Amino acid sequence: MVSAQMKSGLLMGFGSFMVVTGAIMVVFWPSMFFAQLRRMMTLSPTSTSFGIWREVPIPMYLECFMFNITNVDDIKAGKDVMLEVEQFGPYVYREFHLKENITWNDNSTVTFYNKRSWIFQPEMSNGSLSDLITSINPIIATVAYVLRHQPEYIRLPVDIFMRMYHEHLFMTANVSSWLFDGIDDPILDLAQRFPDLPIDIPYDKFGWFYTRNLSLEFDGVFLMNTGASDFSQLGNVEKWKNSNTTVFRDECGEVRGSTGELWAPELGQPEVTIFAPDICTYMVLSKSGPITIQGIEGVQYAANDSLFDNGHNYPHMACYCDAVRDENCLPAGALNVSACRFGAPAFVSQPHFYNMDPHYANKIKGLKPTEDMNFKLALEMYTGMPLQVAAQLQINLLVRHVTAFTLNNQLPDPDTLVPMFWFRQEVMMDDHFSRLARFALNLKSGMPYGFYALTAIGVVLLIAGIAILIRKLLRSSEDPPILTNQQDDIVT
């Protein structure tokens, strides 16, 4: 039978151990959790994050919405009418990302190419790829824009040449051709045969994503921080196309921000930065508030009126225009990406000119901007895990009347920003990854309660052990000493 003294010792020993262990773990658990999280997320060939980053397993979709010009006949007839458009779509593609030619560098960076591919999803689409869309001819608009500063004796024969192949400014093609398959145009054939012409269009067809599907090099080569030296820099792009600057000047041309796939824990900072190679610059999204997705609490970041400003409202963004501001510096809300797109008069905005200065928006009939067209990103702040992405942008072409380019000068308004199409790149965390995220977050928040319980049990055992010891001591003091009792017997 175990003695009271041994019971007391065992209870106090176990109790003390549990109290000390529980107290220490309560204090150090957050740092232990984040240390383990850092080991898992820091990018390396053996890290947990590598497989997810190399080939993104979460379903991604590209939704394309086309703008069809509905009053072409009135415009060709010379009527003074406002350009009218009708939205078609969405035409939905499943998108895949695969990192290739991966090279690990000694300075905590990794070099790679991002090969993207798309597969049409007819069951998710509203329309067929055979739908016909009529819009302006981007080739004609580009030639006129590129040669707008050339002498008239150059512009005039070019206009005559283009009229040999085109009767008007407009083009009709199916959705598939507008997007991925490309559209044939004799002017592109000429540009291919005479590379010395001042028109640098290195394609034999025109399509918004022509030659891009399964292309290894289209997006360029990236140099990205792995987070090994500074975990806060995880996922940040340091160089793109072997340079730390792009086509824009000063800070607007800096290569910065995440590609959107890897984020260090975003502990509630007021803004995040995304590098977008499609537009050769970065975008800053501001904190808009808390959000809950599939039971996971996060922080939502969204674009505000500073997106695509060029100094009109935010002076530090004036570098998106030339140092001497000219007519190419449009009102706030449209970014000139012509230098990023072979000189084409391409301007990027939010869908339906959402959050854009009304100067150009008021010239188009049929646009219906809504708040849900805003560019948004939701992150779980402790792990940096993207909960939801809705990357939404619109491509527009600036069509201005240019002297001697009669083919280009057919729109009633001599200065029109024509919406061509807009897209939504959407990512939503699926059930599998949401369960993993909830487990990790429950582990983070639940373990301290377990350590509190461990400490409490230890305190109970410690108290029980002390109580047994005290009771034993009290009993010992009540019993007369054995030796004294024996002496009394002898005397008697």
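This report walks through selected local features of a predicted model.

## Ground rules

The model is predicted: local features need pLDDT of at least 70, side-chain atom pairs count only at pLDDT 80 or more, and totals for chains, interfaces and linings use all residues. Residues are numbered from 1 along each chain as its sequence is written, and side-chain values use heavy atoms, without hydrogens or water.

Helices (H or I, at least four residues) and strands (E, at least two) are DSSP runs, numbered from the N terminus. Buried means under 20% relative accessible area, exposed over 50%, and partly exposed in between (1.4 Å probe, protein chains only). Contact means heavy atoms within 4.5 Å.

## Helix 7 and its cap

Helix 7 spans residues 186-193. Which of its residues are buried? They are Ile187, Leu188, Leu190 and Ala191. These residues sit on the same side of helix 7, because they cover an arc of only 155° around the axis. The arc is taken from the directions from the helix axis to the C-beta atoms. The buried residues pack against helix 4 (138-146) and helix 5 (152-163).

Aspartate 185 caps the N-terminal end of helix 7. One of its side-chain oxygens lies 2.9 Å from the backbone nitrogen of isoleucine 187.

## Strand 2

Phenylalanine 88 belongs to strand 2 (residues 83-104). Its relative accessibility is 23%, so it counts as partly exposed. Not counting residues up to four places away in sequence, phenylalanine 88 touches Cys64, Phe65, Met66, Asn68, Leu132 and Ile133. Its C-alpha atom is separated by 24 Å from that of aspartate 185, 97 residues apart along the chain.

Proline 90 is also found in strand 2. The peptide bond from glycine 89 to proline 90 is cis, with omega near 10°.

## Aspartate 415

Aspartate 415 is in strand 16 (residues 415-428). Is it buried or exposed? Aspartate 415 is buried, with a relative accessible area of 18%. Its side chain joins that of arginine 400 in a polar contact of 2.8 Å. (A polar contact is a pair of N or O atoms within 3.5 Å; within protein, one must be able to donate a hydrogen and the other to accept it, and residues adjacent in sequence count only if both atoms are side-chain atoms.)

## Two loop residues

Most residues other than glycine have a negative phi. Leucine 214 has a positive phi of about 70°. It lies in the loop between helix 7 and strand 6 (221-225), and is exposed at 56% relative accessible area.

Aspartate 250 has a positive phi of about 55°. Its loop runs between strand 7 (237-240) and strand 8 (271-276). Aspartate 250 is exposed, at 54%.
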